[in-house]
Amino acid sequence: MTESGEDAHRTAQAVARRSYGKLVAFLAARTRDVAAAEDALSEAFAAALAHWPATGVPDNPEAWLIAAAKRKAIDAHRARRRSEGASPHLALLAEELSIAPGTTQEIPDERLALLFACAHPAIDEAVRAPLMLQTVLGFDAATIASAFLVSPAAMSQRLVRAKTKIRESGIPFRVPQREDLDERLPYVLDAIYAAYAEGWSDPAGTDTSQRELASEAIWLGRLAAMLLPGEPEALGLLALMLHGEARCAARRSDAGDFVPLSEQDTAQWNGAMIDEAEALLRRAAQLHAIGRFQLEAAVQSAHARRRVAGAPDWNAVVALYDALWEKTASPVIAINRAVALAETKGPRAGLAALDAVNASALSQYQPYWSARAHLLARAGDHDAARPAYDRAIGLEIDPAIRRFLQKRKAALGGGQ
C-alpha cells in the first residue's frame, strides 16, 4: 500500500529520532569508521524519503535503512579503492545480504559499545563527551559547541579528527575489560546523563528532536547497569534518571504552566519508578564506593520523602550537597546547596552562601539569577529581587518557566 510523501517523511523522522544512534553503532561496529557510517546512514534516509512514498513504508524500517546504508557504504568504499584493485571488504557485502529490506530481523543495539569506543584513551579527553553526544545520541555540532562553549567550526573539526582517530587506530567497539573500565566509564555515564538532561528540559514534548531523548538515555542507563552490575555509579545514574522521570507528569499543569518541585502534587509522581530508584541506590550503597551520581540520586531521594513525610529531608539535602561540593566544586552544586540551606537556616543564610559563589562566571546562568531572586524575595528585599527576576526571565528560553518567573516577580508588587 502506497504511503503519502508526508507519511513517509514522518516515519523516517520517527525512525531517526528513535534509532539513529543504534543504527550508526551497528554500522560503525562493522566498518570501524564512524564518519562513513554516518554518511551512509544519511544517504539511506534520503533514499527512504525517495522510495517509501511510492513503495510503502516497510514492515521493519530499521532493517531497510541498514541494508540501504550498507550498500551506500560498500559503494563508497569501492569508489575509494578503485585504483587499488578489488575491495578487501567482501565480508561486508555478504553481511549486507543477511538483512534484507522489510525483514523482521532484530537489529542488535551496540550503542554502549560505541560509547566506550568514543571514550578510548586514544581519543582526546576534551572531545570524548562531544563525540558520544553526536554519534550515539544524534546531537548536531552546533548544539554541542554551545554546550561546551566553543565555536561550531572548532567543534566540527575536533569531531572529524576524533572519528579519523577511531578509523586509523582500529579502536575496538566493545565494553572494555575490568582494567580499562575505570578510565572510560565516567565519560560514558556523563554522556548518557547529558542526553537525559537535554530530554528532561522539554517535559511537554514540544521539541521533536528531544521528544524521545530522555527515554533513550534511560534505556542506555539500564543497559549500562545490566552489563556492569558491580559498578555503583552506573546504578546511581540510573537511579537519578528514574527519580527525575518519576516526576515528569507533575512538572506541568493541565494548562501547560510550570510547577516547581516544592509545589508538585506527589500523587502524580510515579511511585513504582521511585521505588525502583530507591532499590538501585540501596544496591549501589552496598558496593561501598560513593560517587557523584549516587549523591545526586540521594538528593532526589530526600526530595521524594515528601511522598510519605509531607516534606523533604532538608538537612539531608544540605549534607549531600556538601559531599557533592567536595567531589565536584561545581558552582551549580553551590547554587543548589544555597537554596537548600535557606530551608534549614533561613533565606539570609542561603543568600550568604550564594554570595560566596563566583557570580561573574554565572552572569549568563539562569538558575543563579532565579535562585537569587527567590531568596531575596523570601528575605523581604523586594527591590533587589525584581532586577534579579528580570535577569532570570531574560535568560530563560522555556516559555512556561518564563511565565512562572514573571508571576513570581509580579507577586512582589510595586516597581516596574
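R30 lies over the face of F26, 3.8 Å from the ring centre, and the charged end of R128 sits over the ring of Y187, 4.6 Å from its centre. A charge counts as over a ring if NZ of Lys or CZ of Arg is within 6 Å of the ring centre and within 35 degrees of the ring normal. This is a predicted model, in which local features need pLDDT of at least 70 and side-chain atom pairs count only at pLDDT 80 or more, while totals for chains, interfaces and linings use all residues. Residues are numbered from 1 along each chain as its sequence is written, and side-chain values use heavy atoms, with hydrogens and water left out.

**Aromatic pairs**
- The structure holds 5 aromatic pairs; rings of Phe, Tyr and Trp (its six-membered ring) pair if their centres lie within 6.5 Å, with planes under 30 degrees apart counted as stacked, over 60 as edge-to-face and the rest as tilted.
- Y193 and F293 form an edge-to-face pair, with ring centres 5.6 Å apart and planes at 75°.
- This pair links distant parts of the chain, with Y193 in helix α9 (residues 178-200) and F293 in helix α13, 100 residues apart; helices are DSSP runs of H or I, at least four residues, numbered from the N terminus.
- F293 is buried at a relative accessible area of 3%, where buried means under 20%, exposed over 50% and partly exposed in between (1.4 Å probe, protein chains only).
- Y368 and W369 are also edge-to-face, with centres 5.1 Å apart and planes at 80°; Y368 is buried at 4% relative accessibility, and W369 is buried at 16%.
- Y193, Y196 and F293 are linked into a cluster by ring pairs.

**Helix α19**
- The buried residues of α19 are A385, R386, A388, Y389, A392 and I393.
- These residues pack against α18 (366-378) and α20 (399-412), with contact meaning heavy atoms within 4.5 Å.

**Positive phi in loops**
- H288 has phi near 55°, lies in the loop between α12 (271-285) and α13 (292-304), and is exposed at 71% relative accessibility.
- A329 has phi near 50°, lies in the loop between α15 (314-328) and α16 (331-345), and is partly exposed at 45%.

Conventions. Helix = DSSP H or I, 4+ residues; strand = E, 2+ residues; numbered from the N terminus.
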